[in-house]
Amino acid sequence: MAAPKFAFLLLNLISILPLLVSSFSVDRPTDRRILVLLDDLSLKSSHSLFFSSLKSRGFDLDFKLADDPAIAVKRYGQYMYDGLILLSPSTERFGGSLDVEGVLDFVDSGHDLIVAADANASDLIRNIAAECGVDFDEDPSAVVVDHSSYAVSETEGDHTLIAADDFIQSDVILGNKKIEAPVLFKGIGHSLNPANSMVLKALSASPSSYSTNPSSKLSSQPPSLYGTAISLVSVVQARNAARIMISGSLDMFSNRLFRAGVQKSGSLNKYEKSGNEQFITELSKWIFHERGHLKAVNLRHNKVGESEEPSMYRINDDLEFSVEIFEWSGSSWVPHVSKDVQVQFYMMSPYVLKTLSTNGKGLYHTSFKVPDVYGVFQFKVEYQKLGYTSLSLSKQIPVRPFKHNEYERFITTAFPYYGASFSMMAGFFIFSGVYLYNK
Amino acid sequence: MARDLGILVIVVLVLAATCQSAVVSPVSESHRSAALELFSPAHGSYGSLEETYEALKTFKVLGIEKKHAIRTSSCASVADTLKSTSSALKDFFDALRVNSILKCELNSEAVRGTQSRLKDSLNGASSLIDFYYSIGGLVLLKEQMSEVDVNLGDADRIFRSIKALGQSDGRWRLSSNNPESSNNAAGIALEALAGVISLATPQIDNSWITTLKNDILKLFDGIERYDDGTYYFDEKHVGARGHQSPLSSSASVVRGIAAVAAATSETLNLPGEKIMGLAKFFLGVGVPGSAQDLYHQIDALSYLENIRESTPLILSLPATVISVTKKDQLKVRVSTLLGSPAPTLSVRLMQIFVSGSKDASVIDQELKFDAVSGMHVLETLPKNIDVGSYIFSFEVIFHNPEHKKTYVSGGRTRVLVHITGVIKIDNAEIVILDGDRGSVENQKKLKLPGDNAVALSANHLQKLRLSFDMSTPFGNAFKPHQAFLKLRHESGVDHIFLVGNSGKKFEIILDFLGLVEKFFYLPGRYNIQLTVGDADMENSFLQPLGFVELDLPDAPEKATRPPPQAVDPYSRYGPKAEITHIFRAPEKRPAKELSLTFLGLVLVPFFGFLAGLVQLGANLKNFPKSTVPSTFAILFHLGIAAVLALYTLFWLKLDLFTTLKALGFLGMFLMFVGHKTLSHLASTSSKLKSV
C-alpha cells in the first residue's frame, strides 16, 4: 500500500521538478525566485517599499537571516533561486553552506546578485565585491563625504548623506524616464578595477567627494579614494549575462530615503521625493532581466535572387544576409530597433564588416559581395551594447575559387591569335591542294 | 523602597548620560501619511477584522478621522461575525475589538450569544491563546455593554491556570505541551491576567497581584539593550507561529504591562530608564514599511504615552545644523511620545563638548520657553562657540516636583550640533618660484571662491606655491576637513595633495624636482583644481584655478609607467568602423579596336597568299581523273578538313581526350587515304619523267 503511494508521490515530484527549475529559461529571461539575506529581519519592514516593488512585479522573495543555518541556494545540483539579494553588510559568514565561492558559483551559472554594503561592511561582503571587480575603501571607518553636493538637511550636518545625480547614460539600465531628483546615498565608496571591462559605474560621486572618516581629521596622507573615481553604485554584466549590482549604501534601499525629500546643496530645486525609488526600481528591473535581454534568431544568408541557403559560395558572389533580433520587455519579446548591428564576414580577421539595416520589426539585413579570397569563412554577429546582453552568433560557410570553365572565354584581346591560327589552318588546307595538284 | 529605586534610577540615568544617547523625534506627520498609505482599504473594506482593528486603532491614536468611510461595511461584518455560530474565538475577539472603536449598533441577542460562547470556551480553554481571546472578548463586552453579565466566578482557577504556563524568567509558554517560552507570549499572558483581575467578582487575592508584579520585573531583566540606551524585547526562538520581530514582541509586552497597570491600582515600580529605552526603540524604528509594524509601533507608543509613574518625555531638536550667517537659533522641543506638549518644565544647556575631544565647557544656561511655538529657544549662542561641530548636553528640569515622579526624561540628552558659517578666504595667490634662489618668477592673485584661469609654465627645477588664509566669521582660524589641491594631466592621470596650515595660513609648495617620479615624467599641461570643504563651512567649493604647463625631463628607461586609466564605458561599445573588401583589380587589356586592328593585320598574309596563288596562276589540273584515285584524293582532303574542324571543335568545346581519340581515328584514315593519293601522284609523276 505504502509503496504505490510513495511511487505516486515521486512521480508527482518528478513532474513538478522541471517546472521549478524551468522558470529561468532562455524564452523567459526574467528571474522569478529570489533569496533575500538580511542582517536583521526588521529590514523587511524598514525597506518594505523596495521589497513590495519587487513583489508587485511578480518576484517570489524568500527572506532569510544571513546566519540562518538553513540557507542553501542549491539542491541536487539545481539552483533553487534565480537571484540573490544580500542586504546583510555586517555578516561575517553566511549560515548553511553558502560562502564566497558559493555566491560566485551562483553568479557564474548565470544568476543575478544585488549586494548592499554600508559602513560596517564585513570582509565577506568586501570579498564578494572584490571578486566582481569592485574594491571598497579599505579603511573600515571611511564613508563617502561630499561638501559640495550633499543633501541639505536640518538634522544631518556631517555631509555624509549625498545627493548624487551622476547617473550612467543608458536607457536600458535606468529606464527611458529621466531620473529628475538626485539619489540619496549614505555609505561607503568603491573604486572599479580599470582592467575589468565588465563593471560600470551606475551612479558615480561628484568631483568634490572623498572617502574618509568624517569624525577624525585627515592625516598627512590624502584619501585613497576621491572625486569621480569613487563609484557609489556599480553594475556588472558578466559574459554569461549574469548581472550584479553593488551599492555602498544599504540605506539607499530604505523606505526612509525612498520617501525623503531632497534638495541638493547649492541648488534651489527642492524635490518632494528623492530619486531613490525610481533609481533602485529601474536598476533592479535591469538586474533581474526585465530589460536589456536580447535574442537573435533566424540567421539566414543566400545568393541574391535565390532563397535557398547554399552550402558554399564562390568568390565574387553577391549574397544577402539577415538576422532577427528581439528584446525582452519583461513580458514578451519585442523587436529590437537599433542602427548599430553589424555583421562580419570573417576568416582569421574580418574581410567585410557591414552595418545592417533594419525594417524596425526586428529584421536586420544587408547584402554584399563575397571577397575574392577563398577559404572557410564565418558570418559573425558580435553585438555588444551598453546594458544589453551581448549577442555572439557565427555560422560557417566555405568560399571556393572559380572553376576552370567559369573564367571568361573569347577575350577580344586574343582575337589576333585566333585569327592567326585559323588563317594558318585555312592557308594550309588551300596550300595542300594547290601544292599537290598544281600543273 | 520607592525612594531607593528612584535614586537608583537617577544613578543609572547619570551613567547612561555619559554614553552617547540616541536622539529620536516623536511621532510626526510622516507617520500619519504612512498610516494613510499603508492602511488603505481595498474596495471600501479591509481584508479581515483584525486588519480593520489595526487600521482603526492606528488612526485613532494618530488622530486621523477616517472612520466613516469603512464604518458601514465593518459594522456589518462585526454583526455577522457575532451572530454566526461557526465563527472562531479569534473572530469574536477581533469583532469586539473593532466594535470598541466603531461602537456599532448590536442586537442584544447576538451579544448574549457571544457572551455565553466566550464563557464556554473559557471553561474549556487550555492554551494561552484561548484564554487570551475569551478573556479579552469578555473584557471588551464589559466595556461596551454594561447590561451583560461578564463577571467571572472562578477567577482564581483561571488565574492559576494561566500563571501555570509562566516560566521563572518572566516569560510565558503558549500551551502546556509547548516547551518554548517567549516574550510575545508573556505580553499576551499579562493582558489575559489583567483581564481576569478586572473581571473577577470577588477580587483576586492581593498576593497574586504581587507575584504578577514580580513577573513583570523579571521580564524586564531579560530585556536587550543597544549601546545608545535603547531597550527592546527580542525573541530567541523561531516558533511554529513564525518569527516574531522585536517590534511585535516588545509591543506585546508593552500592551500586557499597560493592561496590568490599568487593571490594578497599585504602582508597578517599572524601571523608568527601560521604559524610556523602549520608547526610544519604538521611535527609533522610524516609519515602518508594513501595516502591521506600524500598528505595533503606534499602539505600543500610545500605551507608553499613558503609562503611569514613568511617562517618557522626548527631547528633540528640529534642526541640528545652525547657521551663524543666517542667525539661526537653537531650538529644543520637549514632547510626549505622540508629539503632544509636555507639562511645564525648563530645559537647561548644561555642557558643550567640542566634537572629537573630551574638553567640555560647563555652561548651565536655561533656554527660554517660547509659548507660541512650544519650543525652548537658546537665543544667543555662548561666547566661546565658533563655527564647528559641538555636542550640546541638555537636561530637563521639572517645575512641579510631582512631575518628577510621573515623567521620565532620559536624563541628560546629548546632541551633535553643527554650527555652520561662511568662511572668509583672503590673500589667495599662486606663485612659481625659482628653485635655487627661491625668487618669485610668476605671481598670480586668486579670487576664492570665484572664477580663476591662471596660465603658468614651469620646469622641473621650479616650485609652485599656493597659499590662502581662512578665517571664521568671528575671525578665528578655521581648518577645513577637506583642502585638496589636484593636478590633472591631459592623459587623465591625476595627483592629489593636502594643503596644510599653520594657524590661519594655508600653504602648499610643490617642488617639481621631487615630484617628477610621481608625475611619471609626463610633461604637458596640468589642470589645477582646488577643493576646500567642511561640514561646517557653508561656502565649500571645488574650483578649477587654471593650468600649469610643465616641462619635465625625459623618462629614464626604468621609470614606472602611469597606471592604466579606466576606459570610458560609452566608447567601449558602439559600432566599429565598416570594412569593405578591396577586390583584386582586373588585368589591364588593350582596347577592343586595337585587337581588331591586329586581327586584320594577322589576316593580311592569308589574303596575300591567296592573291599570290591567283597571281601565279595556281590550278588543280593535276587532280586525278580516274575514279579510284580521285575518290581517295577527295577523301584525303576531306580528312584534312575534318582534322582542322576537330581542332576548331577542340577550341570551342571538346576536351583533350575526346579530341585525341577522334584524331587517332582520323589520323589512321588520313594515313591510309594519304598514302593512296600520294603514291598515285608519285607514280603519275614518275611515269611522266620516264616518258
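In this predicted model, 85 residues of chain A are in contact (heavy atoms within 4.5 Å) with 83 residues of chain B. The two chains bury about 6,800 Å² between them, 64% of it on carbon and sulfur atoms; buried area is the accessible area (1.4 Å probe) that two parts lose on being put together, summed over both. Local features need pLDDT of at least 70 and side-chain atom pairs count only at pLDDT 80 or more, whereas totals for chains, interfaces and linings use all residues. Residues are numbered from 1 along each chain as its sequence is written, chains are lettered from A in the order in which they are written, and side-chain values use heavy atoms, without hydrogens and water.

**Polar and charged pairs**

- Two salt bridges (a side-chain nitrogen of Lys or Arg within 4 Å of a carboxyl oxygen of Asp or Glu) are counted between chain A and chain B.
- One salt bridge joins Arg259(A) to Glu37(B), with the closest N and O atoms 3.5 Å apart.
- Over all chains, the count comes to 34 salt bridges.
- The pair crosses between chains, Glu37(B) lying in helix H2 (residues 29-38) of chain B and Arg259(A) in helix H7 of chain A.

**The chain A side of the interface**

- There are 22 residue pairs in polar contact across the interface, both residues at pLDDT 80 or more; such a contact is a pair of N or O atoms within 3.5 Å, one able to donate a hydrogen and the other to accept it, and residues adjacent in sequence count only if both atoms are side-chain atoms.
- Elements giving two or more residues to the side of chain A that touches chain B include helix H3 (48-56), helix H7 (255-259) and strand S24 (349-355); helices (H or I, at least four residues) and strands (E, at least two) are DSSP runs, numbered from the N terminus.
- H9(A) gives the most to this side, with 19 residues.
- The residues of this side divide into 39 nonpolar, 32 polar and 14 charged; Ala, Val, Leu, Ile, Met, Phe, Trp, Tyr, Cys and Pro count as nonpolar, Asp, Glu, Lys and Arg as charged, and the others as polar.

**The H9(A)–H18(B) pair**

- Helix H9 (residues 415-437) of chain A packs with helix H18 (residues 627-652) of chain B at an angle of about 175°, their axes 11 Å apart.
- H9(A) is therefore roughly antiparallel to H18(B), a term for angles over 145 degrees, on a scale from 0 to 180 degrees between N-to-C directions.
- Residues of H9(A), including Phe422(A), Phe429(A) and Tyr437(A), meet residues of H18(B), among them Phe636(B), Leu644(B) and Trp651(B).
- This contact comprises 14 nonpolar, four polar and no charged residues.

Technical notes. Angles under 35 degrees count as roughly parallel, over 145 as roughly antiparallel, 65 to 115 as roughly perpendicular and the rest as oblique.
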